[in-house]
Every structure is written in C-alpha cells, then in structure tokens.
Amino acid sequence: MSRIRLILWALVAFAVAAVSTITLYRGQNPALQVTVVDGRIKPFSLIGPGNQLITNAHFRGKWMLLFFGYTHCPDICPTTMLTIASVLNDLGDEAVKLQPIFITIDPERDSPALLKDYLANFDSRILGLGGDEQRVAEAAEAFGVFYRKQPIDNSDGDYYMDHSTALYLVDPDGRLARPYVPDVPPGELAEKLRVRFRTFEEK
Ligand SMILES: [Cu+2]
C-alpha cells in the first residue's frame with residue numbers, strides 16, 4: 001500500500017472515531033443527551049478543591065458517580081448527597097472503588113473551597129469540582145445537563161438554579177455504565193453498584 005493510501009486510511013479511521021450521543025430518560029427530566037466518543041465519556045477539565053486542574057483521566061481505574069448541582073440548592077442536591085453518603089457507608093470497604101463527584105453548575109457562587117465545606121457535611125469522600133463558566137458549561141454539555149438561573153423575586157439578586165438531576169455512573173474504563181443509576185433507595189443502589197463492580201471485575 002502506498003504511503004498516501006495509508007494516510008487516507010488513517011483519516012478514515014479517525015473520522016470513524018465516532019462521536020455519538022446516548023439518550024437517557026428520567027422522571028421529569030427532559031431527555032439527557034450524553035456525548036460519547038468511541039464509547040467513552042467526553043473529556044472534562046475542571047478545578048478541584050486545591051485549585052488544581054482535574055480531568056476525567058484522573059479517575060481512570062475507578063468508578064465515577066457524577067452529579068451536577070449547586071450548594072445553595074434547597075432540595076434535590078442535599079437529598080442526593082445524603083443518598084450518596086449513605087451508599088458510601090453501605091459499600092463499606094468497597095467504597096474505595098467509587099469516586100462520587102459533585103460538579104457545580106453555579107460556579108459564580110460555588111468556589112472550590114465552598115464546595116469542599118459543603119460536601120464535608122455529607123461525606124468528605126465526595127469530591128467537588130468547579131471552575132470558570134466555560135469549563136462548567138463544557139462538562140455539563142457533555143452529559144446533556146440543563147441548567148438555568150432563576151432569580152428570586154424581591155431578593156436583591158439572589159437566585160435558584162434550575163437543573164437536571166441525573167446521577168451518572170461511569171466505569172473504570174471511562175464508559176458510561178447503562179442503564180444509569182435511577183432513583184432508588186440507597187441500600188438498593190449500593191447493591192446495584194456491587195453487582196456492577198463484580199461484573200466488571202469478572203470481564
Ligand atoms: Cu439542586
């Protein structure tokens with residue numbers, strides 16, 4: 001094969017490195033379009049609690065349980081963090097296989113330090129990630145997460161954030177584990193995770 005042909009083939013292979021989306025449905029959420037590249041989640045690059053850059057590559061070899069929310073959230077975020085804290089307890093020693101991650105969709109108020117303090121109220125093993133608006137927007141877009149500022153009347157600039165509320169489970173190879181974890185009682189969720197860990201390890 002000529003060199004040119006080889007290059008052409010390489011280009012075709014590159015084009016086939018398919019970017020596609022997986023559509024998830026959940027309760028009141030609109031369809032969540034998760035972008036996958038060759039079966040793996042799209043890379044994200046966010047800022048961690050020590051102001052360090054943290055990308056998805058950091059978590060290779062671990063399961064990720066991702067949630068997008070904000071610390072001023074009155075209901076869904078704290079409830080979900082309680083669920084995750086409870087799952088970590090239920091998992092016992094196996095919890096080391098899982099990295100729960102809370103990504104803020106309110107970077108204007110949620111500094112890395114604030115995220116860390118907030119999450120410590122639930123379980124300090126939950127990692128808070130944020131960054132500037134663009135980093136956050138890119139990560140949210142990759143997971144099909146919707147969010148929007150909702151000003152509170154007569155509040156002097158205070159606001160809520162409307163946001164979608166899915167939990168995303170990503171396996172140690174960076175693949176979205178499907179079906180993604182739905183609304184289940186924490187004990188049941190821990191058991192489902194254990195089964196997934198085992199199935200993955202037996203592969
Ligand atoms: Cu929330």
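**Notebook: helices, core and loops**

I find that α2 and α5 are oblique to each other (angles under 35 degrees count as roughly parallel, over 145 as roughly antiparallel, 65 to 115 as roughly perpendicular and the rest as oblique). This is a predicted model, where local features need pLDDT of at least 70 and side-chain atom pairs pLDDT 80 or more, while totals for chains, interfaces and linings use all residues. I count residues from 1 along each chain, as its sequence is written.

**Entry: the helix pair**

I looked up where the two helices run. Helix α2 covers residues 76-91 and helix α5 covers residues 186-201. Their packing angle is about 55 degrees, and their axes are 8 Å apart (axes are lines fitted to C-alpha atoms, for helices over the stretch in contact; angles run from 0 to 180 degrees between N-to-C directions). Which residues meet here? From α2 come Thr 83, Ser 86, Val 87, Asp 90 and Leu 91. From α5 come Pro 186, Gly 187, Leu 189, Ala 190 and Leu 193.

**Entry: Leu 193**

I picked one residue from that meeting place. Leu 193 sits in helix α5. Is Leu 193 buried or exposed? Leu 193 counts as buried, because 22 C-beta neighbours lie inside 10 Å (20 or more other C-beta atoms within 10 Å make a residue buried, 12 or fewer exposed, in between partly exposed; C-beta atoms are placed from the backbone). Leaving aside neighbours within four places in sequence, I find Leu 193 in contact with Val 87, Leu 91 and Leu 98 (contact: C-beta atoms, placed from the backbone, within 7 Å). Trp 63 is 130 residues away from Leu 193 along the chain, yet their C-alpha atoms are separated by 9.5 Å.

**Entry: the whole chain**

I stepped back to the totals. The chain has 5 helices and 11 strands (DSSP runs numbered from the N terminus: H or I of at least four residues, E of at least two). There are 203 residues, and 33% of them are buried. Among contacts with a separation of 6 or more, 64% join residues 24 or more positions apart.

**Entry: the core**

The largest nonpolar core holds 45 residues (buried Ala, Val, Leu, Ile, Met, Phe, Trp, Tyr and Cys, joined through C-beta atoms within 7 Å). Leu 65, Leu 66, Ile 101, Phe 102, Ile 103, Tyr 168 and Val 170 have the most contacts inside it. I followed one of them. Setting aside residues up to four places away in sequence, Ile 103 touches Leu 46, Leu 66, Phe 68, Leu 129 and Ala 139.

Gln 33 has its place in strand β2, residues 29-37. Gln 33 is partly exposed, because it has 15 C-beta neighbours inside 10 Å. I checked its distance to Ala 142: 109 residues apart in sequence, 7.9 Å in space, C-alpha to C-alpha.

Arg 148 belongs to strand β9. Its 10 C-beta neighbours inside 10 Å make Arg 148 exposed. Not counting residues up to four places away in sequence, Arg 148 touches Met 161 and Asp 162. Its C-alpha atom is separated by 10.0 Å from that of Tyr 159, 11 residues away along the chain.

**Entry: two positive phi values**

Most residues other than glycine have a negative phi. I noted two positive values. Asn 51 has a phi near 60 degrees. Asn 51 lies in the loop between β4 (45-47) and β5 (53-55). Asn 51 is exposed, with 10 C-beta neighbours inside 10 Å.

Where is Asp 156? Asp 156 is in the loop between β9 (147-151) and β10 (159-163). Phi of Asp 156 is near 65 degrees. Asp 156 is exposed too, with 5 other C-beta atoms within 10 Å.

Note on methods
Contact = placed C-beta atoms within 7 Å.
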